[in-house]
Protein chains: 2
Amino acid sequence: MKLGHRDIPSEACRTVGDVLGQIGNKWSILVMVLLSQRPWTFNALRREIDVITQKMLTSTLRGLERDGYVDRTVLPGSVVQVEYRLTELGHDVLTPMNALADFAVDRRDDVIAARAAYDAG
Amino acid sequence: MKLGHRDIPSEACRTVGDVLGQIGNKWSILVMVLLSQRPWTFNALRREIDVITQKMLTSTLRGLERDGYVDRTVLPGSVVQVEYRLTELGHDVLTPMNALADFAVDRRDDVIAARAAYDAG
DNA sequence: CAGTTTCATCAAAGTGCCTTCTTGTCGCCC
DNA sequence: GGGCGACAAGAAGGCACTTTGATGAAACTG
């Protein structure tokens with residue numbers, strides 16, 4: 001989300017926007033969904049999300065870690081491995097996000113139909 | 001939300017991202033919250049959201065209208081006036097969005113604390 | 001005619017996520 | 001030494017939202 005420099009005159013809306021600025025990013029939702037299953041190492045995530053670049057995965061994970069949704073642990077071993085897991089905060093935000101996902105899937109056709117109608121008019 | 005050109009390998013996540021790409025924009029939530037109260041004319045919205053530019057308000061409303069969250073009606077009168085109201089789809093998406101808002105407000109301090117800790121580490 | 005109101009739109013610059021390409025560090029192995 | 005795996009990060013370009021500044025169209029009024 002691009003913030004610009006005019007403040008939204010509503011504290012609550014600003015706060016929602018702040019949350020969405022992080023978890024609304026392109027790769028964040030998928031990453032969090034995977035992490036909600038179990039802890040994943042960086043490389044496992046990268047292999048699972050085949051098409052994501054290292055760069056974007058690193059960036060996404062770092063953003064989620066910074067806001068407290070994800071914990072990062074360096075695993076002891078001969079080869080450096082890093083494990084990520086959802087925090088309690090991360091689990092908690094998935095409740096409304098799952099509700100939103102339900103909406104998105106249930107009403108996908110409505111949105112598409114609305115677009116077609118708008119673009120035709 | 002910036003989509004780039006690599007597809008997210010999850011239909012559901014893509015669909016959520018699609019919804020958020022519209023309602024997650026900077027001004028959309030506030031506009032929808034106001035519209036959930038009652039129908040508003042363009043100018044009323046503009047005056048209420050004091051700091052928003054005509055340009056952004058127009059753009060935001062057009063996007064919401066295109067995706068079917070908002071209906072636009074030209075009012076008969078001597079001076080052109082346009083009225084916007086939430087559709088059923090618009091009302092329905094506010095249910096998960098309000099849940100997200102609750103999360104955002106309830107856990108605001110957690111997010112802020114996490115950032116401070118991350119930035120200090 | 002000029003001014004006002006309402007709403008839409010154009011041009012250009014600012015901003016930050018996304019992508020591509022590349023490099024770097026660490027530990028281990030041959 | 002070179003190569004590998006794992007993970008992080010820099011530079012540069014792409015792209016669309018956001019902002020700034022301005023213009024335009026329609027109807028009405030003095």
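Strand 2 of chain A and strand 3 (residues 81-86) of chain A run antiparallel and are joined by 6 bridges; strands here are DSSP runs of E, at least two residues long, numbered from the N terminus. This is a predicted model, in which local features need pLDDT of at least 70, side-chain atom pairs count only at pLDDT 80 or more, and totals for chains, interfaces and linings use all residues. Residues are numbered from 1 along each chain as its sequence is written, chains are lettered from A and ligands numbered from 1 in the order written, and side-chain values use heavy atoms, without hydrogens and water.

**The sheet**
- V70(A) sits opposite L86(A) of strand 3.
- The open sheet has 3 strands in the order 1-3-2 of chain A, with antiparallel pairing (two strands pair if DSSP finds at least two bridges between them).
- Its edge strands, strand 1 (40-41) and strand 2 (70-75) of chain A, each pair on one side only.

**The two copies**

**Around DNA strand C**
- 26 residues surround DNA strand C, with K26(A), K2(B), R6(B), N43(B) and R72(B) the closest (near means a heavy atom within 4 Å).
- A polar side-chain atom of R62(B) lies 3.1 Å from a phosphate oxygen of DNA strand C.
- An N or O atom in the side chain of Q54(B) is 3.0 Å from a base nitrogen of DNA strand C.

Conventions
Helices (H or I, at least four residues) and strands (E, at least two) are DSSP runs, numbered from the N terminus. A polar contact is a pair of N or O atoms within 3.5 Å; within protein, one must be able to donate a hydrogen and the other to accept it, and residues adjacent in sequence count only if both atoms are side-chain atoms.
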